[in-house]
Amino acid sequence: MRWTFKGFSYGFRPGKSPHQALDALYVGLVRSKVNWVLDADIRSFFDRMSHEWTMRFVQHRVADNRILRLIQKWLKAGVMEEGEWKKTEVGTPQGAVISPLLANMYLHYVFDLWVEAWRKKVARGQVVVVRYADDLVVGFQNKADAERFQNEFRERLAKFDLELHPEKTRLLEFGRYAAVDRHKRGEKKPETFTFLGLVHRCGTSSRGLFVVWRQTANKRMVAKLKQIKQTLRRRMHEPLNQIGTWLRSVVQGFYQYHAVPGNLRAMSTFRHRLKRLWRSTLRHRSQRPNVGWVHIGPLFDRWLPPPRVLHPYPAKRFDATHPR
């Protein structure tokens, strides 16, 4: 069972990654004539996928009735809530290995094919599209195109039992001229949007060129720190070497995703907050409220590596992976 997905679809595909999607979005915003961005959120997508439409889409590419019956059983597997099994009429099972593939397939027919035709036949200006699973961003040269697309996209989703989240979906002025145009109108700086855990904001380089600065979303950082705090409390009395080894792997994993150019300040903030969490745990462990930074600083320096940029500039990596 194999689908030929579009190039702007990056989620849950072999050879594709979140950072490739981020690179493509950066290049599209910087090199294309993008002045408006639609930050779209499909409300509860995985929970509202229509079983009927899912099977119709699968049947476009799969003729084996055994495979079709197996997929049908997956969809009807149901869920356990408070020890009680409940039948599912819509949505795809959470955690099932096939769910990402079914979701990609669903949006391939609902969104990808449609938006590709829309920007060729309807749009008056340039249109940039990047999708990672159900997280998608569309950039427009013209505001009229952006407004028309948003309305027609909403109508398109309704045909397949889906809808845009009214509070999380935003159309915002964003691009190389956004800051200047808004300043002329006496308005505030351009709004920001979040894609794949990174907040995107308009900025300029040291040479005065337009760039898109990316910073770790505070919501994601807070969630990660809360998770670490809970584990630290649970492992409070383990040997320091074991806790330190675990924390170092956690920090390195966080850096591996978020240490993009321009995001070192957020990485330093993450490390500093983590040091405070660990210090608090050590104080409870030793029952000594005066555990000072001077005494435990070497411990932090040993196990919590300082942040450094781990990713190349997105345009360079994009050009390397797209030689044309």
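## The open sheet

Four strands form an open sheet in the order β4-β5-β1-β6, with antiparallel pairing; strands pair if DSSP finds at least two bridges between them. This is a predicted model, in which local features need pLDDT of at least 70 and side-chain atom pairs count only at pLDDT 80 or more, while totals for chains, interfaces and linings use all residues. Residues are numbered from 1 along each chain as its sequence is written, and side-chain values use heavy atoms, with hydrogens and water left out.

β4 (127–132) and β6 stand at the edges with a single partner strand each, so one side of each has no neighbour in the sheet. Strands (E, at least two residues) and helices (H or I, at least four residues) are DSSP runs, numbered from the N terminus. Strand β1 (residues 36–41) pairs with β6 in the antiparallel sense over four bridges. The bridge partner of D39 in β6 is R170.

## Aromatic pairs

The whole structure contains 18 aromatic pairs. Rings of Phe, Tyr and Trp (its six-membered ring) pair if their centres lie within 6.5 Å; planes under 30 degrees apart count as stacked, over 60 as edge-to-face and the rest as tilted. The ring centres of F174 and F193 are 5.1 Å apart and their planes stand at 70°, so this pair is edge-to-face. F174 lies in the loop between β6 (170–173) and α7 (178–184), and F193 in strand β7 (residues 193–195), so the pair ties together parts that are 19 residues apart in sequence. F174 counts as buried at 0% relative accessibility (buried means under 20% relative accessible area, exposed over 50%, partly exposed in between, with a 1.4 Å probe and protein chains only). F193 is also buried, at 0%.

The rings of F254 and F270 have centres 4.0 Å apart and planes at 15°, so they are stacked. This pair links distant parts of the chain, 16 residues apart: F254 is in helix α9 (residues 240–258) and F270 in helix α10 (residues 264–286). F254 is buried at 6% relative accessibility, and F270 is buried at 0%.

## Helix α8

Helix α8 (residues 218–234) has 17 residues and reaches 25 Å from its first C-alpha to its last, close to the expected 24 Å; the expected span is 1.5 Å times one less than the number of residues. M221, L225, I228, T231 and L232 of α8 are buried. These residues cover an arc of only 125° around the axis, which puts them on the same side of α8; the arc is that of the directions from the helix axis to the C-beta atoms. On the other side of α8, K219, K226, Q230 and R234 are exposed.
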